[in-house]
Amino acid sequence: MGSQHSLSVPHVIVDSIHGDIHLSDLEMKVIDTASFQRLRYLKQLGMGHVTYPNATHTRFAHSIGVLGIMARVTDLARDTLELSSEDVQDLRLAGLLHDIGHYPYSHLMEHIDNIKLTEEFIESSESNKTLIASSQKYFDHEIVGEAIVTSQEDLVGAIGGEERATKIAKLFRREESAHSQLSKLIHSSLDMDRLDYLLRDAQAAGVPYGKIDLNYLLNNFHVSNKGVLGVKLKALTAVEQFLYARFFMHKAVYYHKTTFALEEICRQLLRRLKDNKFEGLPRDGNEVIELVKSKELNLFNDSFVDRIIEKAVQGEDDLIKSLASCLRERKPPKLLKEVSVYEQIGTEYHAGSAFKKDCRNRIQSLAENNEVDVRRIIFCETKQLKLEQRAGMLSEKEARSLEDSEREEIVKVFKSEAEEPVSIMNIDHSILNVSSNYFYQSFRLYYVPNFNESNTNELVNNMKEEVSGWE
Amino acid sequence: MDKQQIGLKLALDTLGVPLQLESFDDRLILQKTICLIQAAGIHLGYSFNWYLRGPYSSQLTNDAFKVQHDVNSGMDESVGWNLDPGSISKIENLKTLLISNEDKSTHARKVELLASLKYLIDRRDISCHQSLEEIRSYLLGFHKDYSTQEISKSLTQLKQYGFTA
């Protein structure tokens, strides 16, 4: 990683992925704050280490890695976008701080309000279910990050004041209200975040799927006259390989059935505890913001959830104890059935949707037939995994009709460096034109054993047999 | 559907507007409508950032297409769910503001301004106490060309519906 010509970067951190990363005095000050050091105690892959034991790398290392990539991109874009040293420094800080607001265990806590418990998932002829929209949900980590950056004194001081801290926050939140050309760099098609984490996660997990040709990609980045970042046509294969790498990493690592099962158990546990106003767990998004603005921020790391799990194991409720024990003792729930599909986007009925419908209609009777608590049978599904993350179920043709603001995730390629880049889907000979019309998704049904029961294996086998008979 | 998607469907059902995503104006109206619904205290969980056409949530676009697809496939998981009474009441109060007989592009223009002003006021980028010309000038910086009359009307409506003091 080279040094910036006009930004002094006298410090060096040696990174296992990118080699030497050169840092300015200001960046070192930010890194040395307690608020930033908290990232050392947040695992990048949440519970990935239960499947891949070496996957214990931290958000701290990843954040510095993203800064390293941002440094290379700002070098490239400096002249075209007429970036001042301050602009460059702001972008680098935005890269460094983009994950400052992460919750413990990656994305587990962030989305617990969206979790459906089994009793909410199953079809029921009983009374209506109520969705409470009157209390503030947990905010996403970028909003939490903004709260931290603009209110934690150590960070505000290190950055150089509240005004600059606010500007940095707007940058990592990809707000256009910041310098419009700068935000186009954060808002770029090839995400700095992804470029680091694919390599880092793959190396830590010990799998080959995340290997991307980072140098070739970065060396072929180009910024148009309108400030749009894209990749030169000659690097098309590297781009395609990057998109495939992301796809395979999701399949093999992020959605691995054991990791996914334990993460789902954790989400279910936290959701139930939150509903019961468990002491120590923020009751709503406002309490999260209060917490991260306070001196308690430094305790808001993976151990925060570990302590909650430990308390839950000691509790009275059998289901809660079972969920917590699964996590503490690394005993994943039992997989009763998995249906994976690879279907064309827009396909309405497929094996996965049929299985989901069966689960909604039959989990209750499955529980009754086997005399188990229905809440111990958990259905979950991965997100739809597509090569090109365009909005929703749009076909390739529909996606081409989206406005720019709607298609931030679509990779852009320069057919000619003199022109504005086009969507990769407009490159006729790209493999994306065929494979981007499909999605992969996995649907899984699990049973959470009661560790008091002596006949778990028999129960599981019976349930598997019953479920296998579903059409 | 996850609960966030169910919440989205319920909010639109309560408001009495169909989920339409065919044109850019349809999607813009959806974005700004949900932004304003959330600003009124109905927490659907969408984070908005400021993009070229004002507050925008990419997650909302994704969810809207998913919900539409599920409903069209006969897999509407919002059946059997209701919003809490407080949220229903708040949405009812917004109907006269958010439902319109105007043509789509006029309505889109109106809700874009309402949502944008509310967003910028909340972030303290502008203030209700600034002159209309100052606000107009600020919006022009984002290529939003609204007259001072339109801005004045929107500010009045925001106050009338409790979005601003």
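Which strand of chain A pairs with S11(A) in the antiparallel sense over ten bridges? Look for strand S6 (residues 334-344) of chain A, and you have found the partner. Before the close-ups, some ground rules: this is a predicted model, where local features need pLDDT of at least 70 and side-chain atom pairs count only at pLDDT 80 or more, while totals for chains, interfaces and linings use all residues. Residues are numbered from 1 along each chain as its sequence is written, chains are lettered from A and ligands numbered from 1 in the order in which they are written, and side-chain values use heavy atoms, with hydrogens and water left out.

View 1. Strands here are DSSP runs of E with at least two residues, helices are runs of H or I with at least four, and both are numbered from the N terminus. Two strands pair if DSSP finds at least two bridges between them. Then comes strand S8 (residues 385-386) of chain A, antiparallel to S11(A) over two bridges, with Lys386(A) opposite Phe439(A). Nine of the ten residues of S11(A) (residues 438-447) are buried, so this strand is largely enclosed by the rest of the structure. Buried means under 20% relative accessible area, exposed means over 50%, and partly exposed is in between (1.4 Å probe, protein chains only).

**View 2. Where chain B meets chain A.** Chain B brings 40 residues to the contact and chain A brings 46, with contact meaning heavy atoms within 4.5 Å. Together the two chains bury about 3900 Å², 51% of it on carbon and sulfur atoms. Lys3(B), His43(B) and Trp81(B) supply 18% of the area that chain B buries here, more than any other three residues. (Buried area is the accessible area, with a 1.4 Å probe, that two parts lose on being put together, summed over both.)

**View 3. Bridges across the interface.** The rule finds five salt bridges between chain B and chain A, each a side-chain nitrogen of Lys or Arg within 4 Å of a carboxyl oxygen of Asp or Glu. One to find is Asp125(B) with Lys170(A), whose closest N and O atoms are 3.0 Å apart. Lys170(A) is among the buried residues of helix H8 (residues 162-172) of chain A. Just after H8(A), Arg174(A) takes a positive phi of about 60°.

**View 4. Zooming in on Asn49(B).** You'll find Asn49(B) in strand S1 of chain B, and this residue is buried, with a relative accessible area of 10%. Its contacts, leaving aside neighbours within four places in sequence, include Glu142(A), Arg173(A), Glu175(A) and Tyr119(B). The side chains of Asn49(B) and Arg173(A) are joined by a polar contact of 2.7 Å. (A polar contact is a pair of N or O atoms within 3.5 Å; within protein, one must be able to donate a hydrogen and the other to accept it, and residues adjacent in sequence count only if both atoms are side-chain atoms.) Tyr119(B) is 70 residues away from Asn49(B) along the chain, with their C-alpha atoms separated by 9.1 Å.
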